[in-house]
Amino acid sequence: MANRMELDQRIGDLGRVLSDADLAEALLTLMVRRGRDGGDVLTRLAAEWPAEESVLLDAAASLAARHHALQGAESRLRSWLGLLTLRSDLARQLGGTPHRVLDETEHTVLAQATIQGEAMRTIWREPMLEPRDTAVALGARGTNRENVRTYRKRSWLLGLPAGRGYVYPALQFDAEWRDVFPEVRAVNERLDAAGDPWGVASWWIFRHARLDARPVELVGTDRADDLARVAEAAIELVG
């Protein structure tokens, strides 16, 4: 193994003859202890240099300081190169460790909650009616909400819990007849809107492969009959 004086001489020779690009490669060679294929001086230098990391940093800083733009900055260069080599470790130290590691069951619950939360956000983007306006949409006075409660409890009308009461997706109402669309009432009842309001709301809002559309888009159209058939198929699939 070469002694320090010989290696210092080699560093000096390299600093005088290397271009900027070659200097950068030399630094990388020393920092990661890797040379190019072949018998060039960088490969030999890296192979013969002591393996201690601190000495490698000294060599890299010394070599860099030979560059005309970096002369006299060896100490600062060594600090900078040292910081660079420790960057990943510093990032891990600053980033810390996980506050909590979930087991498989907890991870599953969290994933399900995330999916449900995203679905709820999508559902809430749909127009909703307050109970008073829902009563009017059913042909009654706003103060007469008995029909609203009856429809909801019988699953004829989908109501979503909100605060201490319910709101009602506007997609369900036929403004001309002032009632729930018959296909909506049939699907709500078949899917048990009273027992599973969020599941039924999702069924209406999200795209269905068998319909090639969102079910809500077919309400009041000439494809309305398809809705009940697809809902029935969904029930049979679940069993």
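## Asp212 and the model

Asp212 sits in the loop that joins H11 and H12, where helices are DSSP runs of H or I with at least four residues and strands are runs of E with at least two, numbered from the N terminus. Asp212 is not a glycine, yet its phi is positive, at about 55°, and with 56% relative accessibility Asp212 counts as exposed; here buried means under 20% relative accessible area, exposed means over 50%, and partly exposed lies in between, with a 1.4 Å probe and protein chains only.

This is a predicted model, in which local features need pLDDT of at least 70 and side-chain atom pairs count only at pLDDT 80 or more, while totals for chains, interfaces and linings use all residues. Residues are numbered from 1 along each chain as its sequence is written, and side-chain values use heavy atoms, with hydrogens and water left out.

## The chain as a whole

The chain has 12 helices and five strands, and 36% of its 239 residues count as buried. Of the contacts (heavy atoms within 4.5 Å) between residues at least 6 apart in sequence, 54% join residues at least 24 apart.

## The largest nonpolar core

A nonpolar core is a set of buried Ala, Val, Leu, Ile, Met, Phe, Trp, Tyr and Cys residues joined through side-chain atoms within 4.5 Å. The largest one holds 33 residues, and those with the most contacts inside it are Leu157, Trp203, Trp204 and Leu227. At least two residues of this core come from each of helix H8 (131-137), helix H9 (146-153), strand S3 (165-169), helix H10 (182-191), helix H11 (197-205) and helix H12 (224-238), and H11 gives the most, with five residues.

When neighbours within four places in sequence are left aside, the contacts of Trp204 include Glu183, Val184, Val187 and Asn188, as well as Arg214 and Leu227. In H10, the buried residues are Glu183, Val184, Val187, Asn188 and Leu191. These residues lie on the same side of H10, because they cover an arc of only 130° around the axis, the arc being that of the directions from the helix axis to the C-beta atoms. After H10 comes Asp192, whose phi is positive, near 65°.

## H7 against H11

Helix H7 (residues 104-124) packs with H11 at an angle of about 65°, and their axes are 10 Å apart; axes are lines fitted to C-alpha atoms, for helices over the stretch in contact, and angles run from 0 to 180 degrees between N-to-C directions. The contact is made by Ala119, Met120, Thr122, Ile123 and Trp124 of H7 together with Trp198, Ala201, Ser202 and Ile205 of H11. These residues divide into seven nonpolar, two polar and no charged, where Ala, Val, Leu, Ile, Met, Phe, Trp, Tyr, Cys and Pro count as nonpolar, Asp, Glu, Lys and Arg as charged, and the others, Gly among them, as polar.

Trp124, found in helix H7, counts as partly exposed at 36% relative accessibility. Not counting residues up to four places away in sequence, Trp124 touches Leu160, Pro161, Ala162, Val167 and Trp198; from Leu160, Trp124 is 36 residues away in sequence and 9.7 Å away in space, C-alpha to C-alpha.

## Two further loop residues

Glu126 lies in the loop between H7 and strand S1 (128-129) and is buried, with a relative accessible area of 19%. Leaving aside neighbours within four places in sequence, Glu126 is in contact with Ile205 and Arg214.

Arg178 belongs to the loop between strand S4 (173-174) and strand S5 (179-180), and its phi is positive, near 50°. At 41% relative accessibility, Arg178 counts as partly exposed.
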